[in-house]
Structure formats: C-alpha cells, structure tokens
Amino acid sequence: MRHAASPSLGWWDEGQGPPPPEGPTVRIVITQNTTLDGRVEMLDDWFDPANQDEELAAELMRQTEQEEVLLLGRQTFEDFRGYWPQQSEDTTGVAASLDAADKRVVSSTLTEPGWANTTVIPGDPLEAVRALREEPGKDVIVTGSITLCHALIGAGLVDLYRMFVYPHWQGRGRGFFPEDHPGTGLRRVEARAFSGGVTYAAYVPLAGLGSEQDD
C-alpha cells in the first residue's frame, strides 16, 4: 500500500517501514536504464526507445507527472534533441512530454540549445543543483548523462535512484555508480516487473534523502 505522507514522500511504500526524514522540497532523482550487471553506458543493443511496452511507457508518464525539471548533460541532451522531436507519431506521450518539459542542459560550449523550453547551465552543475534543491517544486530528473550523474552521486546530492533493469549482461561500460564510489546502503521503496522482461525499482540512500542531509 502506498500513501502520501507529504508531498515530498508521495512515493513512499508503507510496507517498507517508517518513512525517511523530510528532505529538501525538491528531490534530485536519477532515472536510468541499466543492464543486469549495472551498466548504464549502452555498448550493445539492449535498449530501444521505440520499442517499449505500454505498461512501461505508462510508468514513465506516471513518474513524469512529478517532474519539475529535466536535467541533462550535453551529450544526452543532443541525443534526445536529435530523436524525440522527430517522433511525430509517438502515441505514448513521451515525445510531447519531453518537448514541453523545463529542460536544463549542463554545457560549457553549447550556446543555442535548439529545443524549446531549454536553458543552458554553463557554470558549476553541482552549485546549480544545490540551488534547485532549495526551491519549492517537484522532482528534478536526471537521466543518461553519466558524467553528470556520477558527479551528483559523488557529491551526495541524489535523493532517489530509479533503475529500469533490462535482461541483458553487457560485461563492460560505465555503471550506475562511479567505479571509485564507496559502498552505499540503499532502501527499496518501489518495485514492479513488466511483461517485456524489464524490472523497475526505486531506492533511497539509507543515510537519508541525499548524504548532504547529514552534514
């Protein structure tokens, strides 16, 4: 049974025990597609955005309802920009949602994003995220953008980890967590399986909603 103890804990699963302490108004959420061996860098053909089952697409749209900002690194932003605006026959709602989203792209070289509703963050992304974290609003979602995600994890700025695990063993490539990241205790707060073989789980750090909470 899920219940909304507060706006910031609306995802909490009652069966997981007492909810974690209240965190910042805005949550920083990393959402990644990953392999069974934890690789998020796609070096094999295990993920196809055009081939998603309806249940999985519906779950993505449910999560999007809690999204305030989509934060991306430059490479992932350019990958998205080169694909999603051209999907005029998309029936899942993902293309329209991405087009309308408040997109922020971290880049020291990009000046004209070339996609509506996009703001370039040219400075320190960690400082920008710390500022976002203190604002009222919904979630800041980071996806793909491996270098940026690793920096946020290393800085203790992540409040929720979402993992869509695909039934593929890649054996190489960058992982969800940085290679040099110390062991991290996580608590699962959501989980489900999809008919196409993908499983989904969401986790919070055991230390609280982002390790900077304990500083």
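Predicted model: local features only at pLDDT ≥ 70, side-chain atom pairs only at ≥ 80, totals over all residues.
Reader: In what sense do β6 and β8 pair, and over how many bridges?
Author: β6 and β8 pair in the antiparallel sense over five bridges, where two strands count as paired if DSSP finds at least two bridges between them. β1 and β6, by contrast, pair in the parallel sense over seven bridges, and there the bridge partner of Val29 is Leu160 in β6.

Reader: How many residues of β6 are buried?
Author: Seven of the seven residues of β6 are buried, so the strand is largely enclosed by the rest of the structure. Buried means under 20% relative accessible area, exposed means over 50%, and partly exposed covers what lies in between, computed with a 1.4 Å probe on protein chains only. Leu160, Arg162, Phe164 and Tyr166 point one way from β6, whereas Tyr161, Met163 and Val165 point the other way. In a regular strand, side chains alternate between the two faces of the sheet.

Reader: Zooming out, what is the strand order in the open sheet?
Author: The open sheet has eight strands in the order β4-β3-β2-β5-β1-β6-β8-β7, with mixed pairing. β4 (118–121) and β7 stand at the edges with a single partner strand each, so one side of each has no neighbour in the sheet. The twist averages 25° from one strand to the next.

Reader: Which strands does helix α5 lie across?
Author: Helix α5 (residues 146–154) lies across β1, β2, β3 (103–106), β5 and β6, and runs at about 125° to β1. The axes are lines fitted to C-alpha atoms, for helices over the stretch in contact, and the angles run from 0 to 180 degrees between N-to-C directions.

Reader: And α1, which of its residues are buried?
Author: In α1, the buried residues are Leu56, Ala57, Glu59 and Gln63. They cover an arc of only 155° around the axis, which puts them on the same side of α1; the arc is taken from the directions from the helix axis to the C-beta atoms. These buried residues pack against β1, β2 (67–73), β6 (160–166), β7 (186–193) and β8 (199–205), with contact meaning heavy atoms within 4.5 Å.

Reader: New topic: what does the side chain of Thr143 reach at 2.7 Å?
Author: The side chain of Thr143 reaches the backbone oxygen of Thr31, in a polar contact, that is, a pair of N or O atoms within 3.5 Å; within protein, one must be able to donate a hydrogen and the other to accept it, and residues adjacent in sequence count only if both atoms are side-chain atoms. Thr143 lies in strand β5 (residues 139–143) and counts as buried at 17% relative accessibility.

Reader: How many salt bridges does the structure hold?
Author: The structure holds 13 salt bridges, each a side-chain nitrogen of Lys or Arg within 4 Å of a carboxyl oxygen of Asp or Glu. One of them joins the side chains of Arg27 and Asp139 (2.8 Å, N to O). Arg27 lies in the segment before β1 and Asp139 in strand β5, so this pair ties together parts that are 112 residues apart in sequence. Both Arg27 and Asp139 are buried.

Reader: Where does Arg39 lie?
Author: Arg39 lies in the loop between β1 (28–35) and α1 (54–64), and its side chain meets that of Asp37 in a salt bridge (3.4 Å, N to O). The C-alpha atoms of Arg39 and Gly175 are separated by 4.1 Å, although these residues are 136 residues apart along the chain.

Reader: Which side chain does Arg174 meet in a salt bridge?
Author: The side chain of Arg174 meets that of Glu41 (3.5 Å, N to O). That pair links distant parts of the chain, with Arg174 in the loop between β6 and β7 and Glu41 in the loop between β1 and α1, 133 residues apart. Arg174 counts as partly exposed at 37% relative accessibility, and Glu41 is partly exposed as well, with a relative accessible area of 22%.

Note on methods: Residues numbered from 1 in each chain as written. Heavy atoms only, no water. Helix = DSSP H or I, 4+ residues; strand = E, 2+ residues; numbered from the N terminus.
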